[in-house]
Amino acid sequence: MKTFEVQFRYRDRNERTVESAVKVDASSLPGAVAKAAREFVKGLDRKQKFDMSKNGLEITAKPVSTTTEAKAETSSEAIAG
């Protein structure tokens, strides 16, 4: 499984930009977007869902680099050991 960071952005009824980022584990980018979208929409109330559908939803997704996380874990283990 790979880790992806999916960012959501939409404009609410007061013309403010609402942003949210979700990290998900999935085997592919489309799967990660679908999984994150389900989680994101579950957390919205009725008015927020209406604003999102009326003004559009912008989705940005990118893979999270796991090599830097692995290096950090390895270096901390070396120091502790």
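These legends describe close-up views of a predicted model. Residues are numbered from 1 along each chain as its sequence is written, and side-chain values use heavy atoms, with hydrogens and water left out. Because the model is predicted, local features need pLDDT of at least 70 and side-chain atom pairs count only at pLDDT 80 or more, while totals for chains, interfaces and linings use all residues.

**View 1. The protein as a whole has three helices and three strands.** Helices (H or I, at least four residues) and strands (E, at least two) are DSSP runs, numbered from the N terminus. Along the sequence the pattern is β-β-α-α-β-α. The protein has 81 residues, of which 20% are buried; buried means under 20% relative accessible area, exposed over 50%, and partly exposed in between (1.4 Å probe, protein chains only). Its accessible surface is about 5,900 Å², with 52% of it belonging to carbon and sulfur atoms. Accessible areas come from the Shrake-Rupley method with a 1.4 Å probe, and for residues only the protein chains shown count as cover. Among contacts (heavy atoms within 4.5 Å) between residues at least 6 apart in sequence, 55% join residues at least 24 apart.

**View 2. Three strands form an open sheet in the order E2-E1-E3, with antiparallel pairing.** Strands E2 (17–26) and E3 (58–63) stand at the edges with a single partner strand each, so one side of each has no neighbour in the sheet. On average, neighbouring strands are turned by 20 degrees against each other, direction ignored. Two strands pair if DSSP finds at least two bridges between them. Strand E1 (residues 2–11) pairs with E2 over ten bridges, and six bridges join E1 to E3.

**View 3. Glu-5 has a bridge partner in E3, Lys-62.** In E2, Glu-5 stands opposite Lys-23.

**View 4. Helix H1 (residues 29–42) lies across E1, E2 and E3.** The helix runs at about 125 degrees to E2. Axes are lines fitted to C-alpha atoms, for helices over the stretch in contact, and angles run from 0 to 180 degrees between N-to-C directions.

**View 5. A hairpin is formed by E1 and E2, with five residues between them.** Glu-15 lies in this loop and has a positive phi near 65 degrees. Most residues other than glycine have a negative phi. Glu-15 counts as exposed because its relative accessibility is 52%. Asp-12 is also found in the loop between E1 and E2, but counts as buried at 10% relative accessibility. A polar atom of the Asp-12 side chain lies 2.8 Å from the backbone nitrogen of Arg-16. Leaving aside neighbours within four places in sequence, Asp-12 is in contact with Val-18, Asp-51 and Asn-55.

**View 6. Asp-51 is placed in helix H2 (residues 46–55).** Asp-51 counts as buried because its relative accessibility is 6%. Its side chain makes a polar contact with the side chain of Arg-13 at 3.2 Å. A polar contact is a pair of N or O atoms within 3.5 Å; within protein, one must be able to donate a hydrogen and the other to accept it, and residues adjacent in sequence count only if both atoms are side-chain atoms. With neighbours within four places in sequence left aside, Asp-51 is in contact with Tyr-10, Arg-11, Asp-12, Arg-13 and Gly-56.
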